[in-house]
Amino acid sequence: MSQQKPPVVPGQVIQLKIEGQSHTGDGIGRVNGFAVFVPQAVAGERVEAKVTKVKKTYAHARLQKVIEESPDRAPAPCEVYEACGGCQLQHLSYPAQLRMKRQQVIDSFQRIGGLPDVEVLPVIGMKEPWAYRNKAQVPFGWRKGQVVGGFYAPQSHRIVDIETCLIQHPDNDRVVSVVKKMARELGIPPYREKSHRGCLRHVMARIGVHTGELMVVLITNGRDIPHRKALVEQLRQAFPNLRSVIQNIHTRRTNVILGKENRVLWGQPVIHDYIGPVKFAISPHSFFQVNPVQTEVLYEQVRRYAALTGKETIVDAYCGIGTIGLYLAGDAAKIYGVESVPEAVEDARHNAEMNGIDHAVFETGAAEEVMPRWLKEGIRPDVIIVDPPRKGCAPELLDAAVEMGPRRLVYVSCNPSTLARDAKYLAEKGYITHEVQPVDMFPHTSHVECVTAFEKD
Ligand code: SAH
């Protein structure tokens, strides 16, 4: 690598041709070979941008003018798109977003996996790629003496006040508006990060889209909520579908959104939703896929790849509240689920019972520790399903999975880089894949979800 000084300095206005797109959706151009990342610039465009940050091997620049426009560019419908940072791809037409996501998976399999022959299928997108999210978590704070609630501006803790979020379910949006209005009118003080004072830190709204059941979680710095009764009353009046109002007490100085303790202020401790015919109870801490329409599409792909006949033993690793295993329960003889969050495991057991599923067992623990133990205990699943977080699977887990000798290993991934890395590892161990199916779970953001199946070579 060249040791030369970077050819740009902060504040400089440059013109450049955008050659590609980073995995977060930024346009990438070059100045004398030096990479410059420009958010909201599109591959193929010539743009004018102002350099904001210079590192040893790359720089960041802010888009100022599009000189030659790409046909993939589309006007972003959201008014706060640029300030917010929650979405990264609204400046692309939806078909172009899907093409870009597919390319990202192809690139990962080529560059990280060294597996250029794996076929990456076109991304399955949504017919209506808006208002899809079933959960909102909105930080509250102060700005110029006014109560605000919205999103953190990119790479900062400055809250951008917003009234509507176009990818959010309208009820979740309205919950935030109602709480904000009440906080302003009644004087419920939001939390101040610097002084660690004030009350309201975040508002979380969750809706079961198939049942309509709505949950509101008020995350507070301490036990007291001024005007609590009036606030709950307002929420009840505004939302006939409200089923649960919960206070989550969170007094620590941390970026983690939820504290440990939940207190039911009104209604039930959980709401319910369906994925296909299976009913799930969702509590404030439960992980539940945020895009219910695409969750079913994703799980149907898992079903297709698992190719079950009803006789199989399956493992559902990183099972959360048991969703994938329980969704496939009708096609399997025995299900073993493992998950590290104890509350999620409790939910999984409860969900199995609620659906009359008695051939599923769930264990709390790290999948990379529990799987080797199951191997020793002689558990030999026919199909193993893994759905790890972004960092992918630990080698200990993949080793145990391979030694169990399943007919298939179905891998659900929210990060193509770690999927490709793990695919390479599995190929070395004799489990190969020919095909990957990406599913768009998060339209307008740069996230890509994939499903694939590994079989013995
Ligand atoms: N399959 C579920 C959840 C997927 S999210 C669904 O589709 O809804 C990934 C899950 O892995 C989370 O619930 C997280 O708590 C859990 N997890 C993270 N690290 C883990 C580990 N090392 N072992 C077991 N579970 C883990």
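Leaving aside its neighbours within four places in sequence, which residues is Gly310 in contact with? Select Gly310 to begin: apart from those sequence neighbours, Gly310 is in contact with Asp331, Ala332 and Ala333, where contact means heavy atoms within 4.5 Å. This is a predicted model, in which local features need pLDDT of at least 70 and side-chain atom pairs count only at pLDDT 80 or more, while totals for chains, interfaces and linings use all residues. Residues are numbered from 1 along each chain as its sequence is written, and side-chain values use heavy atoms, with hydrogens and water left out.

**Around Gly310**

Gly310 lies in the loop between helix 5 (292-306) and strand 16; helices (H or I, at least four residues) and strands (E, at least two) are DSSP runs, numbered from the N terminus. Gly310 counts as partly exposed because its relative accessibility is 28%; buried means under 20% relative accessible area, exposed over 50%, and partly exposed in between (1.4 Å probe, protein chains only).

**The annotated positions**

Next, select Gln289, Tyr318, Glu339 and Asp387, which UniProt lists as "binding site" (unreviewed entry). UniProt positions are given in the numbering used here, feature names are shortened, and annotations may be inferred rather than shown by experiment.

Centre the view on Tyr318, in the loop between strand 16 (312-317) and helix 6 (323-327). Its relative accessibility is 17%, so Tyr318 counts as buried. Leaving aside neighbours within four places in sequence, the contacts of Tyr318 include Glu339, Asp387, Pro388 and Pro389.

Move to Asp387, found in the loop between strand 19 (383-386) and helix 9 (395-404). Asp387 counts as buried because its relative accessibility is 15%. With neighbours within four places in sequence left aside, Asp387 is in contact with Gln289, Ala317, Tyr318, Ile324, Val412 and Glu449.

Now select Cys414, where UniProt places the feature "active site" (unreviewed entry). Cys414 lies in the loop between strand 20 (408-413) and helix 10 (416-428). Not counting residues up to four places away in sequence, Cys414 touches Pro388, Pro389, Arg390, Val448 and Glu449.

**Helix 9 against helix 10**

Display helix 9 and helix 10, whose axes are 11 Å apart and which pack at an angle of about 40°. Axes are lines fitted to C-alpha atoms, for helices over the stretch in contact, and angles run from 0 to 180 degrees between N-to-C directions. The two helices are therefore oblique to each other; angles under 35 degrees count as roughly parallel, over 145 as roughly antiparallel, 65 to 115 as roughly perpendicular and the rest as oblique. Show the side chains where they meet: Pro395, Leu398, Asp399 and Val402 in helix 9, and Asp422, Tyr425 and Leu426 in helix 10.

**Domains and a last stop**

Colour the chain by domain: domain 1 (13-68), domain 2 (111-125 + 291-456) and domain 3 (135-275), with bounds from an automatic or database domain assignment. Taken over C-alpha atoms, the centres of domain 1 and domain 2 are separated by 37 Å.

Residues 7-65 are 0% helix and 61% strand, with end C-alpha atoms 21 Å apart.

Finish at Ala131, in the loop between strand 6 (119-120) and strand 7 (135-143). Ala131 is not a glycine, yet has a positive phi of about 55°.
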